[in-house]
Each structure stands twice: as C-alpha cells, then as structure tokens.
Amino acid sequence: HASADTVRVVFRVDAGMATLRVTDDGVGFDQAADPPGESYGLASMAWRAELVGGELTVRSRPGSGTTVTARVPVSRGR
C-alpha cells in the first residue's frame, strides 16, 4: 500500500521493554483522515499491543513515509 522503495526494521530490548520500529519511505497518509473502507489494521495492532501492556504509535504524513513503533513489556522466563 505504501509504494515504498525502502523499509527499515529495528528491534531492540532495553530496560524491560521490547521495541519494534518499522519505517518506510512510501507515500504516507493523513493521520487525521478516516481510514478508507473498513480498514482495521492499525487499530487492531494498537489494541493487541495494549492487551499486553504496551503501546503502538504511528507517525505519517502524505509524501513523507510512515513509522510504526510497537513497545511492549518483557519479562524473563516468558
């Protein structure tokens, strides 16, 4: 959907939090606009992150690509 040429994926665990960040150089989108059709992808991802005590953030602008960051707590032995 993004028409990206490059996608960067970074995963790290630090201070009890796992962070996954995905950044693309695609077309981006207007975050204030309603999603087209019945798109629940990002909302579902945010809901799932919250279920495990985490959060999902999205930053995007038309013509400037998109960054999606998921942060969830981790514990040893799980």
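1. A quick word on terms before anything else: contact here means heavy atoms within 4.5 Å. Keep in mind, too, that this is a predicted model.

2. With that in hand, have a look at Ala 49. Setting aside its neighbours within four places in sequence, Ala 49 is in contact with Gly 54, Glu 55, Leu 56 and Val 72. Ala 49 sits in helix α1, which covers residues 41-51. Is Ala 49 buried or exposed? Its relative accessible area is 7%, and the cut-off for buried is under 20%, so Ala 49 counts as buried.

3. Arg 71 brings us to the salt bridge. The structure holds one, and it is made by the side chains of Arg 71 and Glu 55, at 3.9 Å from N to O. Arg 71 belongs to strand β4 and Glu 55 to strand β3, so the pair ties together parts that are 16 residues apart in sequence. As for the background, side chains of opposite charge can pair when their charged atoms come close. Both partners are partly exposed: Arg 71 has a relative accessible area of 28%, and Glu 55 comes in at 42%.

4. Now the strands themselves. β3 (residues 55-60) and β4 (residues 66-73) run antiparallel and are joined by six bridges. Within that pairing, Arg 59 stands opposite Thr 67 of β4. Five residues lie between the two strands of this hairpin, and Gly 63 takes a positive phi near 80°.

5. Which residues of β3 lie on its covered face, and which on the uncovered one? Leu 56, Val 58 and Ser 60 make up the covered face, while Glu 55, Thr 57 and Arg 59 are on the uncovered one.

6. Last, the surface. There is a nonpolar patch of about 610 Å², built from Val 7, Val 9, Phe 11, Val 13, Leu 20, Val 22 and Val 74. Where does the largest share of the patch come from? That would be β1, with four residues; Val 7 is in this strand. Strands β1 (7-14) and β2 (17-24) each supply at least two residues of the patch.

How values were computed
Residues numbered from 1 in each chain as written. Predicted model: local features only at pLDDT ≥ 70, side-chain atom pairs only at ≥ 80, totals over all residues. Heavy atoms only, no water. Patch = residues over 30% accessible without salt bridge, like charges linked within 9 Å, V, L, I, M, F, W, Y side chains within 5 Å. Areas by Shrake-Rupley, 256 points an atom, 1.4 Å probe, with all protein chains shown as cover. Salt bridge = Lys/Arg side-chain N within 4 Å of Asp/Glu carboxyl O. Buried < 20%, exposed > 50% of the residue type's maximum accessible area, 1.4 Å probe, protein only. Pairing = 2+ DSSP bridges.
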